[in-house]
Amino acid sequence: MSVIKKLFILSSLSLLGPVLAFAQPNEKPFVIPELREWVGDEGIWQFTGGTAIVIPSVVKDKLMPVAHEFAADIKTMFGREIPVRIGQPNPGDIILSLGELPNKNEEAYSLDIDETVNVIGNDPKGVYWATRTMLQLLEQSPELQLPKGRTLDYPQYPIRGFMLDCGRKFFTIDFLQDYVKFMAYYKMNTFHIHLNDNGFKGFFDEDWDKTYAAFRLECDTYPGLTAKDGSYTKAEFINLQKQAESRGVNIIPEIDVPAHSLAFSHYKPEIGSKEYGMDHLDLFNPETYTFMDGLFKEYLSGPNPVFRGKQVHIGTDEYSNAKKEVVEKFRSFTDHYIRLVESYGKQAAIWGALTHAKGDTPVKADNVLMYAWHNNYAQPKDMVKQGYDLVSIPDGLLYIVPEAGYYYNYLNTKHLYNSWEPNQIGNAKFEEGDPKIKGGMFAVWNDHVGNGISEKDVHHRVFPAMQTLAVKMWTGGRGLRPFEQFESLRQNLSEAPGVNIMGRVRNGKGIILQKETLASGESTGMKEIGYGYRVDFTLKAADNPKGTILFQSPNAMVYLSDPKEGKLGFERDGYLYTFDYTVPLDKEVQLGIEGDSRSTKLYVNGQLKESLDIIRVPRGGKDKAIACVRTLVFPLEKTGNFKGEIKNLTVIVP
């Protein structure tokens, strides 16, 4: 090497000295849930023109579905086409593989980000979770970069879940499919679907015959049992479970008996209890067992049962304990259906009730999953002594009951983040890592039937809770960043690839959409806008019949002339709301609609005309009322077929 060249290199190194001296390894990046372990390196990995997702040939059958979904998600989220191939990697590639990690958990994975990105999982589940981690990292980087470093990541608890009451409020199959993706994005692996329930008799004139009740699944054994205002076909429910399985999510279906069972006694009144209420099944009537045996058989029998997963929930909570003979019969009923479910090769899950129903009749405990929801109903430490495995779901912390005035409207996420993890069940605390505490869940109960709450409203309550509890159920309570930092950073993450139930606009503040004119039936290029919006437009309308739509999306419609009174209004989730305003004929008027999670406001020519706030609606007799929610995620996908013209459409997020 020439002297001149040596001097040039030494000079260059001296100039780089300060940079090298201050270079720092990458700090642990933010994802939900938190990474359990992280060792940072210097620098970043970035997509190249030749980046591919590569699978070694020995694991191609196991990992090809994961790789293709990962590639599809990258395209959905970032618009990049990434090929999937089998063979040897090149620099810049992402390699997905299986191996034996130091942590033996089947959900564990390692992620080594360097010139290539190397993922190893003990099982395809772990590899799938690694792809969720990478997507979250990429969506926080405008340049689509990954920080170089290494992680070994694994969950603290094997069950990390959410329960949705579909019995008292119907949720579409599309919503449930989105929730599978949403939960998977945050490594929440258990989706409990509550398939039947009923309203409270007090809100229905104290009349069981009038009281709302529903069973949501197609049923051939008992034609007519399935709810007529919303249900799932067997094919839809099977497909939902298959989609969940491919994303590491286990669906636990629940048929809730022998309380909360009015849907069954509506269908067959002779099995309802005349003494304790028709929402209680009569445990002394042999027909009750014949009926319920037949119902469980329909969904559990055969080589390809409707209930595909490992667990089936049989309910068993809140039955009367007024008499000893009733308690003993309840215990016998519980034992019978635990064993019936097990006879079909499933693990039985039950709500904790055996302190409330303490008695002499034995109830099987071995390999039974008990939801510890209220300690007066089932003392957790007593249940563990009896042999039950527990899911921590304390009602005083983890129950959302929208606008009911009890439990939570929104969970106290700060308290949960700072002070709770699943080993704390009410006032009972277990040692960290106790093998009998299988994990935790939170729940949405739709107790107040017909209160106007929409799917969007439920999700608005669930989204922050899901992000927060995903951390506590995966990571436990160690090594977390301060809540205020978490709360700020979590809002930078989406719901899942292709899922936007909130109707958020990424980095959206100010004017989101503008259109000088919109004709009848014209697309806007935007599906909807979520809470915290204002939509302004100038409207000149000709004579339009009742039911004329102004704006619409798959989830809602805004009426120029509502179907009943011909007023400006909107409809979503089966609820129709109208403003006390009729659009004038052949006259330009400036309209503005504002919406948040509490109200929907109408402005006419710049003046507030009306605010549809939450109101109390009489229900079921004197001095009884429920809250009624009149919210709207504004539909923007296209205009309706109306006579007239829309000008100067402006969508703003303040």
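Author: Let's start with a word we'll need: buried means under 20% relative accessible area, exposed means over 50%, and partly exposed is in between (1.4 Å probe, protein chains only). This is a predicted model, where local features need pLDDT of at least 70, side-chain atom pairs count only at pLDDT 80 or more, and totals for chains, interfaces and linings use all residues. Residues are numbered from 1 along each chain as its sequence is written, and side-chain values use heavy atoms, leaving out hydrogens and water.

Reader: OK, is Lys364 buried or exposed?
Author: Its relative accessible area is 17%. That is under the 20% limit, so Lys364 counts as buried.

Reader: Which residue forms a salt bridge with Lys364?
Author: A salt bridge needs a side-chain nitrogen of Lys or Arg within 4 Å of a carboxyl oxygen of Asp or Glu. Here the closest N and O atoms are 3.0 Å apart, and the partner of Lys364 is Glu342.

Reader: How many residues apart in sequence are the parts that Glu342 and Lys364 tie together?
Author: Helices (H or I, at least four residues) and strands (E, at least two) are DSSP runs, numbered from the N terminus. Glu342 belongs to helix α8 (residues 324-343), while Lys364 sits in the loop between β16 (347-351) and β17 (369-372), so the separation is 22 residues.

Reader: And how many salt bridges does a search of the whole structure find?
Author: Asp73 and Arg132 make one of them, with closest N and O atoms 2.8 Å apart. That pair links distant parts of the chain, helix α2 (residues 60-78) and helix α3 (residues 124-139), 59 residues apart, and both of its residues are buried. The total for the whole structure is 42.

Reader: Let's turn to strands: in β36, what is the bridge partner of Gln552?
Author: Two strands pair if DSSP finds at least two bridges between them. β26 (residues 548-553) and β36 pair over two bridges, in the antiparallel sense. The partner of Gln552 in β36 is Lys638.

Reader: Which are the edge strands of that sheet?
Author: The sheet is open and antiparallel, and its five strands run in the order β29-β28-β27-β26-β36. An edge strand pairs on one side only, and here those are β29 (575-578) and β36 (638-639).

Reader: How many charged residues are in the lining of the largest cavity?
Author: Among the lining residues are Lys456, Arg572 and Asp573. Ala, Val, Leu, Ile, Met, Phe, Trp, Tyr, Cys and Pro count as nonpolar, Asp, Glu, Lys and Arg as charged, and the others, Gly among them, as polar. Alongside four nonpolar and two polar residues, the number of charged ones is three.

Note on methods. On a 1 Å grid over the protein atoms alone, a cavity is a set of points where a 1.4 Å probe fits but cannot get out, and a pocket is an open set with protein on both sides within 12 Å along at least five of seven lines; lining residues have an atom within 4 Å of a point.
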